[in-house]
Each structure stands twice: as structure tokens, then as C-alpha cells.
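Here's a quick walk through the side-chain contacts in this one. Have a look at the model first, then read on.

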Amino acid sequence: MDNNNNNQIENANQNENENEMKNLEKKVTKNLIKDYSNLLNGNSFKDFSIFVENKSNPFEIKVHKSILSSRSPFFNESLRQESLSIF
């Protein structure tokens, strides 16, 4: 009987730990989404511009080089070549 009670307690503790981890993962994910949203939507620290030539309405898009290069193989290679040519 003691073994059975110990197993039940152990299983309950394991379930509680798993629930705590899931809640922590949800909080971390929610905070990361908020932080990246602020980073992408804010104008602070943007260090690169893309100029779009549209006949009626040309415009500039300010971006973060690190995010642009991490999301696009084309820009990754282009920006890497640009940084190599500086030195």
C-alpha cells in the first residue's frame, strides 16, 4: 500500500512540474512575441533602409540588418559581402 501511495504522490508531483513548465513556456513565448513585435514595429535602432521605387509613391522601409539577414538568404549574402568590402 505504501508503494502505491508513493507512486501516486510521485505522479502528482510530476504532473504539477509538467504544468508549471508548460505555464512558464507560455509566459516566455508570450513575452518573446511581445518583445519582437515591439522591436519590429518600433523605429529605434533600425540600421538599414530598403528603398522601394514605386512610380506613384516611392518609399523607404527601415529595418534591422540582423533580422533581415537571418530571415533572407539573399540579404544575408548581400549584407555579408557589404561588410567584407568595408574592410
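Predicted model: local features only at pLDDT ≥ 70, side-chain atom pairs only at ≥ 80, totals over all residues.

Exposure first: buried means under 20% relative accessible area, exposed over 50%, and partly exposed in between (1.4 Å probe, protein chains only). Residues are numbered from 1 along each chain as its sequence is written, and side-chain values use heavy atoms, with hydrogens and water left out.

The structure has 3 salt bridges, each being a side-chain nitrogen of Lys or Arg within 4 Å of a carboxyl oxygen of Asp or Glu.

| Salt bridge | N to O distance |
|---|---|
| Lys 62 and Glu 60 | 3.9 Å |
| Lys 65 and Glu 82 | 3.9 Å |
| Arg 80 and Glu 77 | 3.8 Å |

Glu 77 and Arg 80, by contrast, sit 3 residues apart in helix α3, about one turn. Helices here are DSSP runs (H or I, at least four residues), as are strands (E, at least two), numbered from the N terminus.

On the aromatic side, the whole structure gives 1 pair. The ring centres of Phe 74 and Phe 75 are 5.2 Å apart with planes at 80 degrees, so they're edge-to-face (centres of Phe, Tyr or six-membered Trp rings within 6.5 Å; planes under 30 degrees apart are stacked, over 60 edge-to-face, the rest tilted). Phe 74 is exposed at 58%, while Phe 75 is partly exposed at 24%.
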